[in-house]
Structure formats: C-alpha cells, structure tokens
Protein chains: 2
Amino acid sequence: MGVGRFVLLEPNVRRFVLELPEPDVHDARDRLARVRDALELEGLEVSYDVDLLPAMADALAGGALVTATVVGERLIDVEPGETQGRMHAVSIDLGTTTVVATLVDLAGGAVAAVSSAINRQTPYGADVIARIGHAMTGSDAIEELRRAALETIDGLLDVVCAEAGIGRQQLAEVVVVGNATMLHLLLGVDPTSIALSPFVATFLDPQELRASDAGVRIHPRGRLVLFPSFGAYVGADLVADVLATGLARDPVRRLLVDVGTNGEIVCGSEARVVATAAPAGPAFEGGQISCGMRATEGAIEGVDLSHGEVRLQVIGGDGVRPEGICGSGLVDAVAQLRATGVVTRAGLFRSAEQLEADGHPLARRVVELEGGLKAFELAPDVVLTQLDVRELQSAKGAIATGIEVAMAALGWTVTDLEEVLLAGSFGSYIDPANARVLGLVPPVPVERIRAVGNAASEGAKMALMSFREREVAFELPAVVEYLELSAQEDFNDRFISNLAFPELDEAEVVA
Amino acid sequence: MGVGRFVLLEPNVRRFVLELPEPDVHDARDRLARVRDALELEGLEVSYDVDLLPAMADALAGGALVTATVVGERLIDVEPGETQGRMHAVSIDLGTTTVVATLVDLAGGAVAAVSSAINRQTPYGADVIARIGHAMTGSDAIEELRRAALETIDGLLDVVCAEAGIGRQQLAEVVVVGNATMLHLLLGVDPTSIALSPFVATFLDPQELRASDAGVRIHPRGRLVLFPSFGAYVGADLVADVLATGLARDPVRRLLVDVGTNGEIVCGSEARVVATAAPAGPAFEGGQISCGMRATEGAIEGVDLSHGEVRLQVIGGDGVRPEGICGSGLVDAVAQLRATGVVTRAGLFRSAEQLEADGHPLARRVVELEGGLKAFELAPDVVLTQLDVRELQSAKGAIATGIEVAMAALGWTVTDLEEVLLAGSFGSYIDPANARVLGLVPPVPVERIRAVGNAASEGAKMALMSFREREVAFELPAVVEYLELSAQEDFNDRFISNLAFPELDEAEVVA
C-alpha cells in the first residue's frame, strides 16, 4: 500500500555541536551573538523565541562546548556540552475519523513508532459538515472541538513516545496534515465559512508556530507545522498525498481521488496539475442510506453476488450479525447489483418478476417495501432500497463530474490516464473493480487503479525527513490549479449525465 | 530638563481600514490571504501570531469592512468594521531604582499619562551588583526578580491606563529601556555572567516578542520591544539617551555621563562615537561611606559651605533631622570642602589647627575620630571622614579615567568638548559646578554642563512615535565603538593620576 518514494535524509531538525571562543575582555560579544556567529559559519541565520535566552545563559555557564538544536531556521535549544540524546519528530494525519501519529528517529530516518486512534471529535459529529454544525453553536463548541483534537494528538504522542522509549522533550517538531476544517479546529479557528457559500477558509497557507502555543506538548520550544491546503475542500492531506505520490513531478499522468463526504480530486503530471472538490454528500459514510451505518462492528463492508448468492463480509467477523451497511459495502453492493443486472444502467431495480422470468438466481432477494419501494435483501434486517441506489448515484455522479471537469481542464480523455490512485482511509476499502463498475472512477484497466491509503501520512513523514521535500509540498498550492466546481457553468448538465452507471465491459458482466 | 528633539509622527503601530472584496466562487482565496493582499496594497508584508486566525475568522464573518492593527510588520488584530478606539503605546524606563512609564496616544503623539514607581526588585538589593548577587542564589531568585520587575510594570500600566481612561487591550506596544541587567531579569535570564570577568551579557541585541510571552499584559497579541545595549555595562538606557540627545547625529561634540555604581560614558558627534563603562563602586549611592545612605527621608542631599557655615538640604524638608548623606550630598560636601580649602588637591583633610591658624570659619567642624581619623561634622550625627573622601576619589577617579580614555580615542582635549550631559536620575541631582570641582567631569565652562535626566524615557518615547527613530536607535550599537576599560593597558596608571582633585579655577575658590 505504501507509496515508497525514496527521500534523501535532510531533516528540518538539525543539531550542531559548537565550540565557542572563550570570551575575554577584547571580545565584548554577548553569548547569543557567539552562538549565532558560530551557526553562521555553518551557513545558518537563525531566529529564536526569547525564552531561549534563559536556557542559553545556563548552557554557556558550563563551558565553551554547546549543542544547538535548530528547527528550520529557528534555534530552539542550546545545551551544555555535546548532547547524546537523539532528536525525533512526529507526523500527524489528523483525519476526521482516524488520527495517525508516526514517530521518526531523525538520526537515521527510521520510523520508531506508529499509532492511530479515533478522533475524539467524533461524538460531536461524524463528518466535517456535522463538526462545523457543532462549531456554529458558539465559541465554547469550537473550544470543545479544539480540545478533543488536542487530546487525541496528546494520547497518540504518549503511545508513540512510550513505544520509542523517548521523552516528549526529544520531539523537536510535529507536522500535521488533514482537511482544512480539521486544521482550523486544531488552531481554534471557527470553520463556519467553510460550510457556507462561497466556501471560504480562514487560512490555507502553511502555518508554523510554537507547538506549546497550540497546546501540543513536545520540546518546550518545539515547532508545530501545518501543511497548506489547496482549497477549503481539498485539504492539506491531499497536498501530502500529492507529495508522497510524486503526482506533480512525475511524467506519469495520474488521477488521485479521495472519496468521502467531499470527493477530493487531483489530476495531472509534472506538466500541469488541477485539483477540485466534488460535494458527494454522506452516502459513502453510510449517511442518507436506509440501513447505512459507520464502519463499526456489525456493518457489512464487503458484498459479493458473483456466485449466484449473497456473500457478505461483516466487520467483527463471521459470527457477527449484520446490522447495516457502511460505505465500502454500499459500493460493493450497488456495483454487484449492477454487474448481475439486478439494477439497470439508469439505476432502476428490475422487478422480482422480470428477474424470475430470466431465471436470475437472486430474483427472490428483490422485494417491495411499503409504497411499492423496491429493495434488495442483503441480510434479514438489512435492505438496500431504490432510494439508496439513487443516493449512491448522486454521490458518485458528483465525484465523476469532478473528475470529468479536472480531466477536461487538462485536455485528457480516459486513454490518457496511466494511473488512478484511491487516497484517504476509505480508498483502502473500496474494491477498485467495483468502483470502476459504478463509474466512480474512469473506465481504465482495473490494474491501473490502486489504493494509496496512507499517502497523507507518508507525505507528512517525508516533510519531517527532508526540508527540501517540505519546500516542494509548501509550493504545491501555488503550482496546482484549483477549480471551483460550483463555478463551472455546465456543472449541472454534466452531473445529470453522470448519474447513470457506465456500460459494463464484457469482463464485468456476471452471468 | 527635557531634550526636546522634534520627531515626525510615524508610529510603529498603525491601523488600516480595509475594504475586502466580497468572496465569490471565482475567488478561492482564504480570508487571511484577502487581508494580507489588502495590506500589500498599502505596501506592507505582514507576519502574525497564529492565534490571530480565530479573531480573523470572527471579524470577517461580519462583512467586508475590517480594521487591521499592525505593529511594525506584525498584524496583531483584525476587527470587524471601522474601529473607533485609538491605539496607544507605553515606554518603560526600567531603572535599577526607579521605573517610569509614559503612555502615548499614537493618534496625535501626545503623552497621555506618566507615572513612576520604585522598582520592586529593590528589597533584593540596592544596585545592579546586589541584584545579580541575589540572582546567583538560584533560579527561584531569578524568578523572584523577574516577577518583581513585572509587578512594577504592571502597577504602572494600571496607573497610566486609568489616567488616560483606556483599557489594557488598547496598548499595542511596550518599549523598554534599562541597563542590561534589568533587561536580563525582565526576561528571566540569569545575569551572573555580567558580574563575572570577562563581563559578558547573554544578549545585547534588541528583542521583540509577544508581550504576553514575557508576562506583560497589554493587547493579547501586543508586542514588547527591548532596546539594544552597547555593552554589558552600557545599557539600553544609554542607547535611548544617545537617541534622545542626538549625540550620534549632530555635529556638536558631546560627552554624556550616567553616574552610578558603573559610570556609563558616551562621547562623540556625528563623525564618531565611543562608549565605555567605568567601575565607580557604590559611593555615589551612599555605599562604603561611613554615614552614607540612600536618597530617602533624612538624607543630606545638598551641602553649601560657601557662606562660612554649614547649610544643608535634607530630604523631607527643613524640620527633618539629618541622618546620613546620599550621593548628591556627598558630591556637594566633598566639592565644597575642596573649594573652601578644607581638603587638599591630594584629598587630605587639613587639620583643625592649621585651619584655625588661617582663621578658617569651618575649622571647628574638623574633628579627629578614634585612631586619629580626621572627619568633618556636617550635623550632630553625620560626619564625613578622610576614608569617605578617599572612596569618593576612587569613584570619581574611575569615571574620570573612563572619560579620559573615551576622549583620547577620539583625539579630543577638553577644549574640543562643546557639551557635557549628565544622564540618569542621579544626573539630575548633581550640581554641575561641584561635579566640575571634583573632576568628575572635565573642566569645561559650567554652563556647558547640563542634566538630561529623563533622556532615556524620552528616547524610548521617540521610538514609539517614529519607527525611523527606532531604526536609528537599533543601529546605534553597530555605529558606536565600545571600549572595554579593563582592556586598556594604561588603565591603572591613568586611574591613579585621576585620584587627585583638579586645580581650582579662581572662580571656584571660596574665600
């Protein structure tokens, strides 16, 4: 699953052992000037937080040999003697649902620990829009959300530090990626404007600050860095994805899609890159689906209808009774209904009678609910209705339209596409063949579709290990053209024509 | 007393009313970018503290008209609409003994309030060396001293804000001057190295930080600025003195002396300026003097022997019984004893018998204490002994040597000197004629000697009112040559030859 680009180890955090000239009456330079002059000989002009000065006074009382720790161009510590402890840094992928922390030993660039946890904001709303809805209730709510994010990060830092056997003060830097709303909330910034037309973020640029100023406990003067975002709905996680996958600097023509409440789309190659966001709605997270649920125990996460019977994969294992269906299960179910001909290109259920007449092995699973609503029985209490299929069509239609607009901007047709990357945690759970059957991704050969679920974490990690990679990432928003989908005049026409499912390839038809 | 240079009002704190373009779907810029772009049109490229972002989100929710407050190149606030409240700033002269706060209304440049208070560090030691001695007892002591300075400043801010009728949040900036030790302690930096050879400060450069990071309560993102120092013993107050007096940019050849435990000396003109510090010891603060005391009630602060009798000026007024003598009284007493011939050029008391023989009206005031120590009775319980005169000789000898070395570096003789400025609070209390009799200042015509006691406050105030003046001040340490007196090989010889008092002018002799 990894994207595995090789990175030359040139961390943003560096340590210098400095031998300072002993002061005498002919050299009136102050201690700060001595340290800065010594660092200048290493080619560095540093800034510092003023509370470094007390530490420096103590360090220089000990003698002429000191160890300076520099993060970027910021001097964060001066310690007496030659310090043995190694410096570490952490990348955080601050997802709406899942948060992943990766601790890197900067001496060798090895990952020393990884841990993930549910975002503690989840009780305040399952998705970005719900979180913003909570934030709109006032500044206390924003503070609740900020604290919840911080507590999630703090808990993860506990775990990864313990696993690596280091103390918090050995963490010089934390780099965070995530969608724009998550980054706003982490800094306590009201995200309301992201949810209201014309969908403007308060900040998109990278932010660099003292970690303690944001409440993140690492080295007292350690730094917190937030990746930039492409737009209010194409966040810093996508910037990290693009960095990790090399999308903007390889000749390979790629499409990267992060399927979620908002489909985030980046498309291009070294020549040119465009990005856009498509409002898919909550269907992929089980929202607005009659038996929809989140991907927790009891959720149907995989559906296989290819053997003339219903085979389900349920979260929790074989013995667990299916209670509902989550996003990946929905994608599978509708794609399989389409592939088996239970659902037409237009997205309509064929009736049980028609199917029976054709001798379709699943005919008896098609039922009519009250009001004549057709549905497919996946399990005793779990059905998929005609309306659910409509919801999915609407969701995939929006994403397909975003992809179409992005590709049109580049002048690409499907044959130009060399690779389709499914990003985000949901991307890892989608079956590429089923995504293709639905038209959620363009009809490229299925082997060109691949999940790069952890690319955002990977990109953040690359930024820890190489300041050059970080510079590349921070320049991406200036390089990548952002297309506002709602500003496309033919958006509605395109959207409507994308509601239908594509023609099936011969290979896709289940006999 | 004021130095009264005119300054063009161009404060470092500025306000801009910005009309931002309404966001629409064709303009994906975030709010921060909108504000920054609008400020760029005003010629400003700003930085900011990240907690500005929540305030900005709130401000921009209100509409397209906002008021931005910028300190230097730092955006500290964005408020909705056109803000009516005026911004203010405060200068602090953080003296070892006395702290003065001056509140300036930046709209018109008027001083809205001034207040002074005793530095609350005083219980921990009367002078810089005593304070450092306390600081050396450990980090708790440094913290005590830091808090004491902060509480002094906080109390003064209460007073000046109340007097001007404004709230703390209307203070955008505080500029502090003071000696290097005071500035170290204000930031909680151990000043020990200043007291130990080779007398190295931890920092001399200007410091600019968030006021709240130092514990100074003004606007939540208001700035605290510390003037630079020339050296460990020629502090930021002297830099402010030089700015206020125009010493480094006028053609007039001036000497500026701040008399204290360390005499601080700056000498020069627009062509060239040198600075040095002379270790005078505590005599000018009443230390090491048999009946010495600080300038508090009961202290003899003025002595006049010119009418053949002892006339005293005692702090507290006529009815107050004299209990001791403070620095300015000591200067007067010894100068008058010298002018009346009671003390010789070498600094020796003539005996009561010799004086009696000459018919000297003060002969009966000269007594012998046990061990044959000669002394002069100023009041029933207040004597000035031969050893006290020696102490004063030593103190003035050090300062005179510093002046001599500084003038020699410039190739100046006494006739080159057009003005002698007595700086610091003590400077206001010294009688210029008596200072000249002692040889504390060179023998220029007495009308060329003048006190500029409040010049440091004045310089700090200039920096509030004009960013150009501030730039000039911050460049001064690079322009002014610092001479380390202890590195002068002939220092001791010069010092010894400066112990004697100068020949008296005819006009100085009291018949």
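In chain A of this predicted model, residues A:Asp237, A:Ala240, A:Asp241, A:Leu243, A:Ala244 and A:Thr245 of helix α7 are in contact (heavy atoms within 4.5 Å) with A:Ala455, A:Ala456, A:Glu458, A:Gly459, A:Ala460 and A:Met462 of helix α13. By class, this contact comprises 7 nonpolar, 2 polar and 3 charged residues. Helix α7 (residues 236-245) and helix α13 (residues 455-465) of chain A pack at an angle of about 75°, with their axes 7 Å apart. The two helices are therefore roughly perpendicular, a term that covers angles of 65 to 115 degrees.

The contact between chains takes 37 residues from chain A and 37 residues from chain B. Together, chain A and chain B bury about 2900 Å², 65% of it on carbon and sulfur atoms; buried area is the accessible area (1.4 Å probe) lost on being put together, summed over both parts. A:Val25, A:Val50 and A:Thr202 supply 19% of the area that chain A buries against chain B, more than any other three residues.

Across this interface there are 2 salt bridges, defined by a side-chain nitrogen of Lys or Arg within 4 Å of a carboxyl oxygen of Asp or Glu. A salt bridge joins the side chains of A:Asp205 and B:Arg36 (4.0 Å, N to O). The side of chain A that touches chain B divides into 20 nonpolar, 6 polar and 11 charged residues.

Residues are numbered from 1 along each chain as its sequence is written, and chains are lettered from A in the order in which they are written. Local features need pLDDT of at least 70, side-chain atom pairs count only at pLDDT 80 or more, totals for chains, interfaces and linings use all residues, and side-chain values use heavy atoms, without hydrogens and water.

Conventions
Axes are lines fitted to C-alpha atoms, for helices over the stretch in contact, and angles run from 0 to 180 degrees between N-to-C directions. Helices (H or I, at least four residues) and strands (E, at least two) are DSSP runs, numbered from the N terminus. Angles under 35 degrees count as roughly parallel, over 145 as roughly antiparallel, 65 to 115 as roughly perpendicular and the rest as oblique. Ala, Val, Leu, Ile, Met, Phe, Trp, Tyr, Cys and Pro count as nonpolar, Asp, Glu, Lys and Arg as charged, and the others, Gly among them, as polar. Buried area is the accessible area (1.4 Å probe) that two parts lose on being put together, summed over both.
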